[in-house]
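Here's a quick briefing to read with the model open beside you. Have the viewer ready and follow along topic by topic.

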Amino acid sequence: MSTINKWANRPKRWSISRRNLMNKCPRAWILKYGFGRRQGGFNQHLRNISDWSSTWRLMQRSLRGVIIERLTAFSNDKVWIERDLAAKIRHRIIGAIERQKSVIDVIETRIGGTSTLRNKIKRKEIDRLVEIACYRFHAVMKSKPIVDILQGRITEWYTFSRLEVTGLDKFNLHISPDLVWISGSTCHLLRFTVQGVSNPGDDKRLENMAMVMWATVQKGLPEYAERYIVENLFWNRGRWNRWSERCSQRNLSDAIQMIRKDMDAMIDLHNRLGPSCDLSQIPLANNKRTCRTCGHRDTCPGGEDLVRARLEQSALEMAKASNLRN
Ligand code: SF4
């Protein structure tokens, strides 16, 4: 079976991170998710390269991990040693950097030279990232709803993994919240966004509303959309901000519609790849900032000079369209 057919037969997945990646750079999305998953093969290398993250991103991921770890320890009555915080964060960041080293080796074998991803990470830089993460951790512990949980004002609460899957048509959705708590007849669904924007637009609102779809199929949680408040705790401009909004049946339907539209766009994008896996037809990033943190920047034309690569791509498309007309 060809690589492309393997993809076509797999259940399609939707998550906020996949959606963000597709909107920022369709080519990066297709390199990460558009090929068959085959352990040990070249497709696996492609996925590993796609997963490469900057140290800043690794710090953010480590921070989210320790916040969940803290809540889990509290829920299981486990001792939490505050003075170990910096070591825990450092361990997570350094572990992730080590795991990424083999990815850089693969890239360097392919390009026959030194990858632009190979930065010597200085101890001082790690110290600074750990300091930032600790600061944000302490701040979030004093923010609602975390402080209310730790001080016993919220008693009924649960954490969930983002890996949980919810079905929609033939799609698998990763739309579970990080944290759920009940107050009276209302159920709150919250996601942490370690770096957010100050004013989430309509799209971001709907992405969050998708959590209600997950909740309504869970045993013991309310059936009606109106009983949910959807929340986001995000870091912006030096502090944690809390966005919240009560859901409605209309919001929920709009979120489902948005996901279906995204899935159509993903399938369409994959069809453009064609059986010969022709990446030249796949649009590049909208902004060169996306390329700066992309694992493919050594081998993608956009990584070298995005403006020129986009111009060349549109010239090729125009030539192809005029050939088809003649
Ligand atoms: S280098 Fe830029 S254009 Fe190329 S895949 Fe990465 S983000 Fe997209």
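Predicted model: local features only at pLDDT ≥ 70, side-chain atom pairs only at ≥ 80, totals over all residues.

Residues are numbered from 1 along each chain as its sequence is written. The protein chain has 13 helices and eight strands, with helices (H or I, at least four residues) and strands (E, at least two) taken as DSSP runs and numbered from the N terminus.

**Overall build**

- With 326 residues, a compact globule would have a radius of gyration near 20 Å, and the protein chain agrees at 22 Å; the radius is taken over C-alpha atoms, and the globule rule is 2.2 Å times the number of residues to the power 0.38.
- Along the principal axes, the C-alpha atoms of the protein chain fill a box of roughly 70 × 50 × 35 Å.
- Buried residues account for 27% of the 326; buried is 20 or more other C-beta atoms within 10 Å of a residue's own, exposed is 12 or fewer, and partly exposed is in between, with C-beta atoms placed from the backbone.
- Take contacts between residues at least 6 apart in sequence: 65% of them join residues at least 24 apart. A contact means C-beta atoms, placed from the backbone, within 7 Å.

**Domains**

- The assignment gives domain 1 (37-141), domain 2 (146-261) and domain 3 (274-326), with bounds that come from an automatic or database domain assignment.
- Domain 1 and domain 3 have C-alpha centres 30 Å apart, and 13 residues of domain 1 are in contact with six residues of domain 3.
- On the domain 1 side of that contact, H6 supplies the largest share, four residues.

**Nonpolar cores**

- The largest nonpolar core has 39 residues, and Leu-189, Met-209, Met-211, Val-212 and Tyr-228 touch the most other members. Such a core is a set of buried Ala, Val, Leu, Ile, Met, Phe, Trp, Tyr and Cys residues joined through C-beta atoms within 7 Å.
- Helix H9 (residues 202-216) gives the most to this core, six residues, and the core draws at least three residues from each of domain 1 and domain 2.
- Leaving out residues up to four places away in sequence, Leu-189 touches Pro-177, Val-180, Met-211, Val-212, Ala-215, Tyr-228, Val-230 and Glu-231.
- A second, separate core of 15 residues includes Leu-21, Cys-25, Ile-30 and Ile-282.

**Helix H7**

- The buried residues of H7 are Leu-129, Val-130, Ala-133, Arg-136 and Val-140.
- They cover an arc of only 130 degrees around the axis, which puts them on the same side of H7; the arc is that of the directions from the helix axis to the C-beta atoms.
- The face turned away from the buried side carries exposed Arg-123, Lys-124, Asp-127, Tyr-135 and His-138.
- Cover for the buried residues of H7 includes helices H5 (55-75), H6 (85-111) and H8 (146-150), plus strands E7 (228-236) and E8 (239-246).

- The Lys-144 to Pro-145 peptide bond is cis, with omega near 5 degrees, and Pro-145 lies in the loop between H7 and H8.
- Asp-77 is not a glycine, yet has a positive phi of about 60 degrees; this residue is in the loop between H5 and H6, and counts as exposed because it has 6 C-beta neighbours inside 10 Å.
- Asp-169, in the loop between strands E3 (166-168) and E4 (171-174), also has a positive phi, near 50 degrees.

Key: Contact = placed C-beta atoms within 7 Å.
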